Amino acid sequence: METDLRLESSLWVGNKRYRAVLTGWHLRWTEVDKKDRDKKTISVPVAEVVGVEEGRVEILPQKLVEDKDKEFTVFYVKRSSSGGSFGLLWRLGRTQFSCPSRVLRDQWTKQLRTALKTHSPLRPHRLLVFINPFGGKRKGRKIYHSLVAPLFELAGISSHVIVTEWANQARDHLLKKDLTGFDGVVCVGGDGMFSEILHGLIGRTQQEAGLCENDPAVTLQPCSLHIGIIPAGSTDCVCYATVGVIDPVTSALHIIIGDSQPLDVCSVHHASALVRYSVSLVGYGFYGDVLAESEKHRWMGPLRYDYSGAMVYLSNRSYAGIIQYLPADPMISTPRDKTRCLSGCSVCSRSTERLFPHSSDSASLYSSHFSQFSSDSEGEWQSVEGRFKCVSLTCMSSSCPRSPLGLSPSAHLADGTGDLILVWDTHPLGFLKFLHRHTSTQDQFDLPFVEVHRVKAIRFLLPSSDKAEEAYEEIMGQGHGRAEEERGYQETVNRSSSQQHLAEKSTGREMTNEQKTASPFLCGLCCSKSPSVSVWNCDGEILPFTEILCRIHGQLVRLYARGIEDSTNIHDCSEQHDKCERRCILNK
Ligand SMILES: Nc1ncnc2c1ncn2[C@@H]1O[C@H](COP(=O)(O)OP(=O)(O)OP(=O)(O)O)[C@@H](O)[C@H]1O
Ligand SMILES: CCCCCCCCCCCCC/C=C/[C@@H](O)[C@H](CO)NC(C)=O
Ligand SMILES: [Ca+2]
C-alpha cells in the first residue's frame, strides 16, 4: 500500500523549494536549498489531514480561492500547548503548495484524497447535530456556526442541524426518528446535553437489538454511531476528561478526522428497573447535596457550584449506608497504581480484547458477562457499612478544570471498570484536606478515612433504621426539594396518602400540614435536624431513588476523541525521527 500511494516531487511553498513525499501514512516536505544540518522536515500524518483543496485557499473569515491552476492547499491538525490544561489544543494548519504543472497538481490532490479515504476509515460523512441554545453561557449556536460549521464544510461533512426547543428533544429524536445515513451524532452543549445523546443512542441500540435495559445482568449492545461533543455548557466534564481541553475547535477537529475513543458506561438500577446511565459521577452524600443545593441557585450560573459546595461543606453532614461492591481484577490495574489513562492507553487496549474476545459466538460473550451477576458469583461481592461523607463511583477520571486530575486520577476511560471512592465520616478539616487535594497533584486517597476500590458493580442500601426515615422525608418533601418533573426514564415516585400513613406509622412521627407542603433543604448551620439520607448525583442529575445498583458496561459507546494527549510528548524530532527515543506525537 505504501508503494501504491507514494508520490514524490519538488514543490514550492512561497518562494522556497521543497522535496515533498507522500507515503501511505505521512505527507512530508523538506526544504532543499539548505545545508543538510539546517534542513527541516515538516511531517503530517495522513490521518490528521483535514482537507485538500485546489488553488490557494483560505476559509476564515470567509472562503477565498485564488490561482486554481498549479496550486493546492493542504489543511491539517496543528498542536499547541493549552496553557492551563493537561491536554493539547488543536488548530487548523494550512500550507499552500505550487506545482510546476497542472498535471502534477492533479496527481497530488488525487493521491492525497485517496490516502485520506484509505487511512481514515472512520471519518464521518454525515452528522446529526443537536445544539442546546440555552447551555452554559447560551453561546451554542454561535460556537457551532462560527467555529465548527466552516471546518465541517472544508472536510466535506454534511450536517443536519437541530437547535433544540425543549429538554429531552434530542434524546427522544434519537429514540424514535430515522437515523439512516448518519455516521455520528454531535451535541453542542454541556454534560446534560451529552447525557441526552447518551440515553437516546443507548436506548435506541438496545431497542433495535431487542435487549431489556432494565435487567442489570443483560450485556448491552455497544452503539454503532459515534458521539462528538462540542463543549458549550457550564460543566463540560466529559469533554475535558476525554480530550484534555475544553475547546470547540479541538473537538471539531477530532470529529473530522474520525478519532474513536471507547467509553465505559454505568447503568443505574432501582428495584429491577433502569433509572439512568452515567459516564462520569454517581455520587451520594457531599456531591449529591451540592447538586441538590445548586439547583436552588441556578440564577448564579456556573458559580452556583462553588457557593453550594461551601454551604454543604459547612453543614458538615455524613450519611449511613451499606455498600456492596464486586471488585475488578487487581492484576490488571488498580486505582492507586499512579498510572494515567492517556491517548493510546495500553490498559484500555488490552480491555478491548477482554471485553470483546475474538469470537463469532455471541452467546459465549453474553454468558461470560452474565456470570458476574448470577447467583454463583455472589460470593465475590464485598460489603462495608458505616457513616460516610461521600460515596462516589466514577467510570473515568472525571477530570475537569476545577480538578485537573479528577476524582480518580488513575481511572480508565475504557477498561470496563469504575472506581468506588468511600470517604468515611471524619472531622471537617480532614474532609477539607480531601477536597482540596482534588485541586492539586497531591494524592486524595492517601488519607486514613478514604478508601478506593476498582469495581465492576456496586449496590447501595440504607440501614434498616434509615429506611423508615427516608420514607418519612421523601413524603414530607425534605428529600432535598426534589422537583416533581421528569427525571430520566422513571418518574419520581408517586407519594400517595397511604405511603404517608405508612411513613408516619413507621417513624412514629406525625406530619404537620406545613411539612406536607414545604420542601426545605435542611442546613446544618441553621436547622436543628439535618436529613439522614442524601441524594444521588448522576452526571449532574438528581436520582429519585436512594437504594440503587450500578453496573459498569465496558466500552458501550464511542466518542470522536482519542483520550488525553500527553503534552510532555509534544516535541519536534522530524529531522531524526527514526532515532528519537521519546514517544513522539508530532511525527508518529
Ligand atoms: N431547548 C432547551 N430548553 C431547555 N432545556 C434544554 C434545551 N435543550 C436541552 N436542554 C436541557 O438543558 C440541560 C442543560 O444543558 P447543557 O448540559 O447543555 O448545559 P449546562 O449549562 O452545562 O447545564 P447545567 O446547567 O446542567 O450545568 C440538559 O439537561 C438538557 O436536557
Ligand atoms: C477547598 C477546595 C474545594 C475544591 C473542591 C474540588 C472538588 C472538585 C471535584 C469535581 C468533581 C467533578 C465531578 C463531575 C461531575 C459531573 O458529572 C457533573 C455533571 O457535569 N457535575 C456536577 C457539578 O455534578
Ligand atoms: Ca473505566
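Ligand 2 is surrounded by 15 residues, the closest being Asp191, Thr235, Ser280, Asn537 and Asp539; a residue counts here if one of its heavy atoms lies within 4 Å of the molecule. By class, this shell holds eight nonpolar, five polar and two charged residues, where Ala, Val, Leu, Ile, Met, Phe, Trp, Tyr, Cys and Pro count as nonpolar, Asp, Glu, Lys and Arg as charged, and the others, Gly among them, as polar.

A word on the ground rules: this is a predicted model, in which local features need pLDDT of at least 70 and side-chain atom pairs count only at pLDDT 80 or more, while totals for chains, interfaces and linings use all residues. Residues are numbered from 1 along each chain as its sequence is written, chains are lettered from A and ligands numbered from 1 in the order in which they are written, and side-chain values use heavy atoms, with hydrogens and water left out.

Ligand 1 has a shell of 20 residues, and Gly136, Thr164, Gly190, Glu196 and Ser234 are the closest. That shell divides into five nonpolar, ten polar and five charged residues.

Here are some polar contacts of both ligands (pairs of N or O atoms within 3.5 Å):

| Residue atom | Ligand atom | Distance |
|---|---|---|
| Asp191, polar side-chain atom | ligand 2, oxygen | 2.6 Å |
| Ser280, polar side-chain atom | ligand 2, oxygen | 2.7 Å |
| Asn537, side-chain N or O | ligand 2, oxygen | 2.9 Å |
| Gly136, backbone N or O | ligand 1, oxygen | 2.7 Å |
| Thr164, side-chain N or O | ligand 1, nitrogen | 2.8 Å |
| Glu196, polar side-chain atom | ligand 1, oxygen | 2.3 Å |

On its own, ligand 2 has 650 Å² of accessible area, and the protein covers 80% of it; for ligand 1, the protein buries 82% of 630 Å². These areas come from the Shrake-Rupley method with a 1.4 Å probe.

Helix H5 (191-209) and helix H9 (304-315) each give two or more residues to the shell around ligand 1, with H5 providing the largest share, four residues. Helices are DSSP runs (H or I, at least four residues), and strands are too (E, at least two), numbered from the N terminus.

Now to the metal. The calcium ion (ligand 3) is coordinated at 2.3 to 2.5 Å by Asp264 (OD), Cys395 (O), His412 (O), Asp415 (OD) and Thr417 (O). Donors are N, O and S atoms within 2.8 Å of the metal (3.2 Å for Na, K and Ca), and the site may look incomplete because water is not among the atoms. Both Cys395 and Asp415 are buried, meaning under 20% relative accessible area (1.4 Å probe, protein chains only).

Conventions: Buried < 20%, exposed > 50% of the residue type's maximum accessible area, 1.4 Å probe, protein only. Polar contact = N/O pair within 3.5 Å; in protein donor to acceptor, adjacent residues only side chain to side chain.
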